[in-house]
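Dear colleague,

I am passing on the structure we spoke about, and below it I set out what I found when going through it. Please read the notes with the coordinates open beside you.

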Amino acid sequence: MNIFKSLITLVVLALCSLSLQAQENKHKSHGGHEAKSHHGHKAKGHHGHAAKSQDGRMPVTTSSPKALELYYQGLAMMDQSRPVAARPFFDQALELDPQFAMALHRKRGTAGTFVEGREIQAQLLEQLKTATLSEGETIFFGAMAKARGGDMPGYLADLEKLVHMYPKDHRLLMQYAGYFYNRDKPKALKLFAKVAEMEPEFPPVYNVLGYCYKDTGDKTKAEEAFRKSIKLDPNSPNGYDSLAELLLSMGRYQESIAQYDKALEVEPLFPSAQIGVASNLCLLGDYHAARERLNKLFDIAPHDGIRSGIHWALSVTYADQGDFKGALTELDKNFQISKKNNDVTAMRVDLFNQATVLLAAGRPDDAAKACKEAIELVRGDEKAPARNKAFSEALYTWWEGRIAAEQNNLHKAADKLTAFFEAVEALNAPNFKKSGYDLRGTIQLKSEQYAEALESFKQGNEHDPIVMYYTGLAYQGLGQHKQANKMFDYVINANSPLSYSFSFARRLAAKSKKGHHGS
């Protein structure tokens, strides 16, 4: 899923803390006794009665029937991955009922920048101290608090409780299934299929099923699922966009562009589709046309979050072409936007992205300076939650190790790797360990411990293009050139959407493959 859709997908799938995948993009992360409402009466459910499930779904508490209607209209826009279109509905709902906690929660998913998202989150946390909530909502917001604090077992337990309390609530089941999306794909598939049985005319579930099938290699079923989503809601840009991404991965570039253009006909302000077109054009070698398409977005971009994403995408087009100066120029434009907004989180991401490009350009000392500037900004941010700062410190430690490895200072790299694993353990973030295994494999590769490197890469982000490229190098080091070339071919022909990892890996793989055609 691409840079602009990933946040919305997370909202649909997990509705939890925002990702810390700062190396690649800017994709940005609520229990107790019965509370008194703003109006002094008990919680109201869907129909204005005492909060109680009337149809097997979790009641949503508001004092205004009209606000509830607007809330669901906003949700319909979010189902189509259209946060800009959804925002007015949530704003109007909150004007009618300022204590409408669930509307404020959803509004946070429409935030255009890290700063705005943090402000809405702070407002929500303050509101929850006195808000009137149904039993289900109390558990729901408690689950969100656990997720933010890193208590994923507690988060999962609360979700399971909600799914049993409200067995006909397809949105809760979607969220529950989303927990397993990157942890247990077969289980996620079964749960999403259950959502489809429960609500056979709910387009988002077919969209997510399509990605599940795509991730497991069944592109035929993926295409069927995406086309089902389009058939159910032809006025949603999301289905066309997802189908286009699948066609891109299959090398069907012109068909992919046509589907992206259909998404843009429905919603001109759908950045992921324009980025998808640019991805196709880059793979076709037409970088000028790719940038022309991306630049069109500047005229209609409603906020700096989208403008920032455009500069990021433009940067990748230059990186893909091997123009590191152009890539860094666009990232500096990004940084200036973030600095203007005093958005420390965004500035941190910009700087780590700069480090990615600088390292690929063979400038590890400058990459280290960018990382140092990033962590100093975070350390000086008095508003940042302690856990977010701890994640940033862990990420900085990882970068120190990665840069040391690039400089062949393998002793320092190993020390930083140990410190990174300790930090991840303290944060109770097991999925973050994969990046550690990637680094361990890189250190072993540079130490000519090729068999050990292969084992480490299998434990890491093994589908990341750069990791796949390094895996090919490990096979090459073992003299297994046929297997190495198989990995290189896979990376070269992966047909991925825009990303630094893919852009750098496919060029490196093409170079490494030359002259190694033995068995």
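How are H7 and H8 oriented to each other, roughly parallel or roughly antiparallel? Before I answer, please keep in mind that this is a predicted model. Helix H7 (residues 152-165) and H8 pack with their axes 9 Å apart and at an angle of about 150°, and since angles over 145 degrees count as roughly antiparallel, the two helices are therefore roughly antiparallel to each other. The crossing in which H7 passes H8 is left-handed. On the H7 side the contact is made by Met152, Tyr155, Leu156, Leu159, Glu160, Leu162 and Val163, which meet Leu172, Leu173, Gln175, Tyr176 and Tyr179 in H8. By class, this contact of H7 with H8 has 10 nonpolar residues, one polar and one charged.

The axes of helix H11 (residues 219-232) and helix H12 (residues 237-249) cross at roughly 160° and come within 8 Å, which makes H11 roughly antiparallel to H12. The crossing of H11 and H12 is left-handed. The residues that H11 brings to the contact are Lys219, Ala222, Glu223, Phe226, Arg227, Ser229 and Ile230, and they meet Gly239, Tyr240, Ser242, Leu243, Leu246 and Ser249 in H12. Here the residues of the contact divide into six nonpolar, four polar and three charged.

Helix H4 (residues 101-108) deserves a look of its own. Eight of its eight residues are buried, so H4 is largely enclosed by the rest of the structure. The buried residues of H4 include Leu104 and Met102, but also His105, Arg106, Lys107 and Arg108.

Turning to the aromatic residues, the count comes to 20 aromatic pairs. One of them joins Phe391 and Phe432, whose rings are edge-to-face, at 5.5 Å centre to centre and with 75° between the planes. Phe391 lies in helix H20 (residues 386-406), whereas Phe432 lies in the loop between helix H21 (410-427) and helix H22 (433-446), so the pair ties together parts that are 41 residues apart in sequence. Both Phe391 and Phe432 are buried. Another pair, formed by Phe420 and Phe421, is tilted, with 6.1 Å centre to centre and 55° between the planes; of these two, Phe420 counts as buried, at 0% relative accessibility. Phe391, Phe420, Phe421, Phe432 and Tyr437 form one aromatic cluster.

Finally, two asparagines may be worth checking in the backbone. Asn408, found in the loop between H20 and H21, has a phi near 65°, a positive value in a residue other than glycine, and Asn408 counts as exposed, at 53% relative accessibility. Asn428, placed in the loop between H21 and H22, likewise has a positive phi, of about 55°, although it is not a glycine. With a relative accessible area of 40%, Asn428 is partly exposed.

With best wishes

Terms used
Residues are numbered from 1 along each chain as its sequence is written. This is a predicted model: local features need pLDDT of at least 70, side-chain atom pairs count only at pLDDT 80 or more; totals for chains, interfaces and linings use all residues. Side-chain values use heavy atoms; hydrogens and water are left out. Axes are lines fitted to C-alpha atoms, for helices over the stretch in contact, and angles run from 0 to 180 degrees between N-to-C directions. Helices (H or I, at least four residues) and strands (E, at least two) are DSSP runs, numbered from the N terminus. Angles under 35 degrees count as roughly parallel, over 145 as roughly antiparallel, 65 to 115 as roughly perpendicular and the rest as oblique. A crossing is left-handed if the near helix is turned anticlockwise from the far one by less than a right angle, and right-handed if clockwise. Contact means heavy atoms within 4.5 Å. Ala, Val, Leu, Ile, Met, Phe, Trp, Tyr, Cys and Pro count as nonpolar, Asp, Glu, Lys and Arg as charged, and the others, Gly among them, as polar. Rings of Phe, Tyr and Trp (its six-membered ring) pair if their centres lie within 6.5 Å; planes under 30 degrees apart count as stacked, over 60 as edge-to-face and the rest as tilted. Buried means under 20% relative accessible area, exposed over 50%, partly exposed in between (1.4 Å probe, protein chains only).
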